[in-house]
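Could you walk me through this structure, one selection at a time? I have it open in my viewer and would like to know what to click on next.

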Amino acid sequence: MKATEARLKAALDRPPADIRLYLLFGPDEAGAMALADRLPRALGPDAERVDLDGATLRGDPARLADEAAALSLFGTARHVRVTGAGEESLAAVSALLEAERAGNPVVVIAPTLKATSKLAKLALDAPNALAVACYVPSVEQLEGVVGEIAREHGLRLAPGVARRLAGAGGGDRAVIAREIEKLALYLDADPTRTVTAEEAALDAIGADLGEVEASDVIDALVAGKPAALGEALRRMEEANVSPVPWLRALARRLASLAEMRGEVAGGADIGGVMKRHRVFFKEEVATGAALRRWSPTALAGALAIVRAAERSVMSGASAGNVLPAQAMIELASRRAGG
């Protein structure tokens with residue numbers, strides 16, 4: 001069934017027995033991850049989570065329904081999360097929705113799916129599924145999201161604080177939520193006791209995610225400058241900045257370049273393409289160079305690597321920032337002098 005974000009949140013906060021699948025599709029993977037995180041909070045700290053991905057389900061379509069029907073080893077609540085899903089997961093999701101029983105809720109995050117895809121249509125039409133399209137919010141919309149998260153934690157944001165949090169989080173709702181949680185803890189706020197959060201409180205908890213450094217990382221990688229990239233990554237590491245915001249910002253940059261590069265490959269003039277995409281005039285030289293340096297295949301491959309690095313960090317299956325940083329250095333090295 002098609003659901004609004006409000007209905008989806010309500011269902012994830014109190015999972016109804018008749019809903020087996022929550023499909024979060026569309027390009028705002030950060031927003032989808034933040035929504036998905038509501039389910040384990042609702043199920044409790046002892047809940048068991050089973051992590052799968054699209055590649056696993058392609059090779060073993062029956063696995064999803066099996067995991068949804070399995071009992072927890074310790075008798076606690078259990079749920080399944082699928083990341084990086086696409087049309088290859090259609091058979092697995094079909095089996096889940098048609099299974100005789102499935103006691104464990106399943107959240108599927110599919111950032112590349114469109115509403116016209118077979119998997120999205122299946123979930124949108126199924127009475128035992130809820131599907132929501134997740135699109136990257138504008139700055140104004142993101143400020144509204146920040147305010148909503150803050151209210152859930154008993155915070156009233158002073159002028160300028162929502163914008164600062166939205167910008168510092170790089171559009172990543174999960175990172176923003178963590179900063180708001182720190183802010184609420186610092187101010188001793190909770191939903192029963194509202195406290196006003198001023199910018200001074202942000203300064204006190206160090207809510208600074210290195211916007212300049214993140215921009216340096218992205219610019220150096222896109223330009224194929226491994227030495228500059230290494231220096232930018234070193235500064236990020238020294239500032240103890242999470243790699244998730246800059247990985248997601250990099251993914252958005254690569255996706256934008258891929259779209260423009262596709263038009264260039266189709267015969268369009270680079271200058272005209274940049275104009276149609278409203279490239280900021282100060283970025284035209286760098287963007288033009290990137291469109292000449294990167295092929296459509298290289299951009300698609302780089303985007304897949306960046307998203308895989310993000311999923312690895314979010315799942316805890318990597319050595320902190322080391323593996324994502326190494327992957328980015330290798331990417332920049334391939335494009336060096338290209």
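Here is a short tour, starting with the sheet and ending at a pocket.

Before you start, note that this is a predicted model, in which local features need pLDDT of at least 70 and side-chain atom pairs count only at pLDDT 80 or more, while totals for chains, interfaces and linings use all residues. Residues are numbered from 1 along each chain as its sequence is written, and side-chain values use heavy atoms, with hydrogens and water left out.

**The sheet.** Select the strands (DSSP runs of E, at least two residues, numbered from the N terminus, as are helices: H or I, at least four). Five of them form an open, parallel sheet in the order β2-β3-β4-β1-β5; strands pair if DSSP finds at least two bridges between them. At the edges are β2 (48-53) and β5 (129-133), each pairing on one side only. Neighbouring strands are turned by 15° against each other on average, direction ignored (axes are lines fitted to C-alpha atoms, for helices over the stretch in contact, and angles run from 0 to 180 degrees between N-to-C directions).

**Two strand pairs.** Pick β3 (residues 78-83) and β4 (residues 106-110): three bridges join these parallel strands. Look for arginine 81, which stands opposite valine 107 in β4. Next, show β1 with β5, which pair in the parallel sense over five bridges. Here phenylalanine 25 has alanine 133 of β5 as its bridge partner.

**Around β5.** Is β5 enclosed or open? Four of its five residues are buried, so β5 is largely enclosed by the rest of the structure (buried means under 20% relative accessible area, exposed over 50%, partly exposed in between, with a 1.4 Å probe and protein chains only). Now select asparagine 128, in the loop between α7 and β5. With 14% relative accessibility, asparagine 128 is buried too. Leaving aside neighbours within four places in sequence, asparagine 128 is in contact (heavy atoms within 4.5 Å) with Asp18, Ile19, Arg20, Leu21 and Leu97.

**Last stop: a pocket.** Select α10, which gives the most to the lining of the second largest pocket, with five residues. A pocket is an open set of points on a 1 Å grid over the protein atoms alone, where a 1.4 Å probe fits, with protein on both sides within 12 Å along at least five of seven lines; lining residues have an atom within 4 Å of a point. By class, this lining has eight nonpolar, one polar and 12 charged residues (Ala, Val, Leu, Ile, Met, Phe, Trp, Tyr, Cys and Pro count as nonpolar, Asp, Glu, Lys and Arg as charged, and the others, Gly among them, as polar).
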